[in-house]
Amino acid sequence: MDYGKIFSGIYTDLAKIEDKGKVADYIPELSKVNPNSFGVQLTTIEGEKFAFGDSATRFSIQSIAKVFSYVLAYSHVKSELWKRVGVEPSGTAFNSLVQLESDKGIPRNPFINAGAIVICDILVSELRSPKEDILTFIRELTGVETINFNPDVVKSENANGYINWALVNFMKSFGNIHNEINDVMDLYFHICSIEMSCEELSQSFLFLANNGVAPHSNKRILSPSRTKRANALMQSCGFYDEAGEFTFKVGLPGKSGVGGGIVAVHPQKYCISVWSPRLNAKGNSYKGMLFLEEFTTHTELSIF
Ligand code: DON
């Protein structure tokens, strides 16, 4: 299939549609991005690569990084994890506080902010240098040593993340945060600030399309059954209160971030990532969603 040609065809179609999205500005540092950036990269498990637009430009991957932290925590604490975080779609915004009270401080899943903060607490308990370890993990998955945090985004998140501070305090009161909240949030804000390109993202998620083995290194990252679970969680919880819509329109497991990136995985076939910074009302990339919908419809390469 000529993916390059398909990408430029979809891009031309989408250029005719008004982008109704808005760049995230609740974290001021994120609003500095060029709103017209647009990149796509598809990598197959056989190692073929297809790029389009700004596919090599790094951007703030934000909540996409919650997949890396979840995989790292799961490989350390095994099924003990499920005592502290659930596996149900929340149907609420990524930073919602509402369910935490009735759920007694146990977040619905690892991809809403509350769940990702509990995952960070686990990593702080389990790892001697969690920040370095998460970077090492991502660098191994991509083979790229220069992937890093953006310290300005960390500062901006820290200073403006009032809701995240509320979430961690609330969960601490229920006993579901075991470490000092400053240590946990320092890790959370660092993870959100990681910068990667579409090219690097599609390479790094490829193990989820390949039964848990990173194809470029042949290294096993997750067992097949855990890989199934990671994909299942992305399918049901990767887009917060738009997870149903993404499944309905795109038909692949995936994960979004408020930097405008989306990664989607077709098990046994490929990983595709797209970046377009203007977000819809649910905090997901407006044109990124449309692009992936057209891509899987046109190619008939989705799992549903
Ligand atoms: O916690 C926050 O507000 C952000 N740093 C991460 C949010 C995010 O990307 C949610 N996703 N779509």
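A crossing of two helices is called left-handed if the near helix is turned anticlockwise from the far one by less than a right angle, and right-handed if clockwise. Helices here (H or I, at least four residues) and strands (E, at least two) are DSSP runs, numbered from the N terminus. The model is a predicted one, so to speak of local features takes a pLDDT of at least 70 and side-chain atom pairs count only at pLDDT 80 or more, while totals for chains, interfaces and linings use all residues. Residues are numbered from 1 along each chain as its sequence is written, and side-chain values use heavy atoms, with hydrogens and water left out.

Now for the overall picture. The chain comes to 12 helices and 11 strands. Its radius of gyration (taken over C-alpha atoms) is 18 Å, close to the 19 Å that the globule rule (2.2 Å times the number of residues to the power 0.38) gives for 304 residues, so the chain is as compact as a globular protein of that length. Along its principal axes, the C-alpha trace spans about 55 × 40 × 35 Å.

Helix 5 (residues 130-142) passes helix 8 (residues 181-192) in a right-handed crossing. Their axes (lines fitted to C-alpha atoms over the stretch in contact, with angles from 0 to 180 degrees between N-to-C directions) come within 10 Å and cross at roughly 25°. P130, K131 and I134 of helix 5 touch D186, L187, H190 and I191 of helix 8, contact meaning heavy atoms within 4.5 Å. These residues divide into 4 nonpolar, 1 polar and 2 charged; Ala, Val, Leu, Ile, Met, Phe, Trp, Tyr, Cys and Pro count as nonpolar, Asp, Glu, Lys and Arg as charged, and the others, Gly among them, as polar.

Helix 4 (residues 113-126) also passes helix 7 (residues 162-173) in a right-handed crossing, at an angle of about 65° with the axes 10 Å apart. Here the contact residues split into 6 nonpolar, 2 polar and no charged.

As for strands, an open sheet of 5 runs in the order 3-2-10-9-8 with antiparallel pairing, where a pair needs at least two DSSP bridges. Strand 3 and strand 8 (254-256) sit at the edges with a single partner strand each, so one side of each lacks a neighbour in the sheet.
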